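Please read it beside the sequence and the coordinates.

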Amino acid sequence: MTDFPISVRFPIHWVDMDAYGHVNNARYLTWFEAARIAYMIRVGLVAPDMQRIEDGVGPIIATANVDYLRPVAFPAELEVGVRVTRIGTTSITMEYAVDDAGSGVRYAKGGTVLVVLRYPEYAKVPVPPDIRAAIEKLEGRAF
C-alpha cells in the first residue's frame, strides 16, 4: 500500500460471504466508500461528521468500477488503499486497491470519478483551490 496515501483495514465477517463461499461483489464498493470517505475527510472535501462543508459544496459519484482479480474468503483481513490519479475542472478521479493485509496479495482494484457539486441545486462547480492543494500535498505531486 506504499503507493496509496490513505488506507483502511477491514476484517472479513461471515456475513460478508455469499452462497458461493466468497465475499459478495457488492462489499468491494462499500470498502471503496470507506477508504474514499477517509480520504475526503483528510483533504477537507467533507466534514468528519459527513455533513456538507459551509458553502454547500460536496462530492457525488459519477462512475464506479471494480476489477475482481481473485475471490476473498473467510477468514481474512484486508487493506483498502485509495489515491487520486486525476483532478479535472469539476471532477476527481480515484483509484483503489484491495490487498490481503498480511501477505499483500491483491484481490481487486477499481476506480471512481467524483463530481464536485453545489448542493442542493446539484450544480457542478470547480474543484475548490484549497481542496486541490490539499490533494496535491497528500499525493506529493501537482495535478
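The points below cover the helix contact, the nonpolar core and the salt bridges.

1. The model is predicted. Helix α1 spans residues 26-43 and helix α2 residues 129-139; their axes come within 9 Å and cross at roughly 115°. That makes α1 roughly perpendicular to α2.

2. On the α1 side of this contact are Tyr39, Arg42 and Val43, and on the α2 side Ile131, Ala134, Ile135, Leu138 and Glu139. Six of the contact residues are nonpolar, two are charged and none is polar.

3. The largest nonpolar core holds 36 residues, and Trp31, Tyr39, Ile92 and Val98 have the most contacts inside it. Elements that each supply at least two residues include β1 (6-11), β3 (77-87) and α2. The largest share, seven residues, comes from α1.

4. Leaving aside residues up to four places away in sequence, Ile92 touches Leu45, Val84, Arg86, Thr112, Val113, Leu114, Val116, Val127 and Ile135.

5. There are five salt bridges. One joins the side chains of Glu79 and Arg9, at 3.7 Å from N to O. Glu79 lies in β3 and Arg9 in β1, so this pair ties together parts 70 residues apart in sequence. Glu79 is buried, at 15% relative accessible area, whereas Arg9 is partly exposed, at 47%. Arg9, Glu77 and Glu79 are linked in a network of salt bridges.

6. Glu95 and Arg83 also meet in a salt bridge, at 2.3 Å. Glu95 is in β4 and Arg83 in β3, so the pair ties together parts 12 residues apart in sequence.

7. Asp99 and Arg106 form a salt bridge at 2.5 Å. Asp99 counts as buried, at 6% relative accessibility, while Arg106 is partly exposed, at 32%.

Notes: Residues numbered from 1 in each chain as written. Predicted model: local features only at pLDDT ≥ 70, side-chain atom pairs only at ≥ 80, totals over all residues. Heavy atoms only, no water. Axes fitted to C-alpha atoms, helices over the stretch in contact; angles between N-to-C directions. Helix = DSSP H or I, 4+ residues; strand = E, 2+ residues; numbered from the N terminus. Parallel < 35°, antiparallel > 145°, perpendicular 65-115°, else oblique. Contact = heavy atoms within 4.5 Å. Nonpolar A, V, L, I, M, F, W, Y, C, P; charged D, E, K, R; others polar. Core = buried A, V, L, I, M, F, W, Y, C linked by side-chain atoms within 4.5 Å. Buried < 20%, exposed > 50% of the residue type's maximum accessible area, 1.4 Å probe, protein only. Salt bridge = Lys/Arg side-chain N within 4 Å of Asp/Glu carboxyl O.
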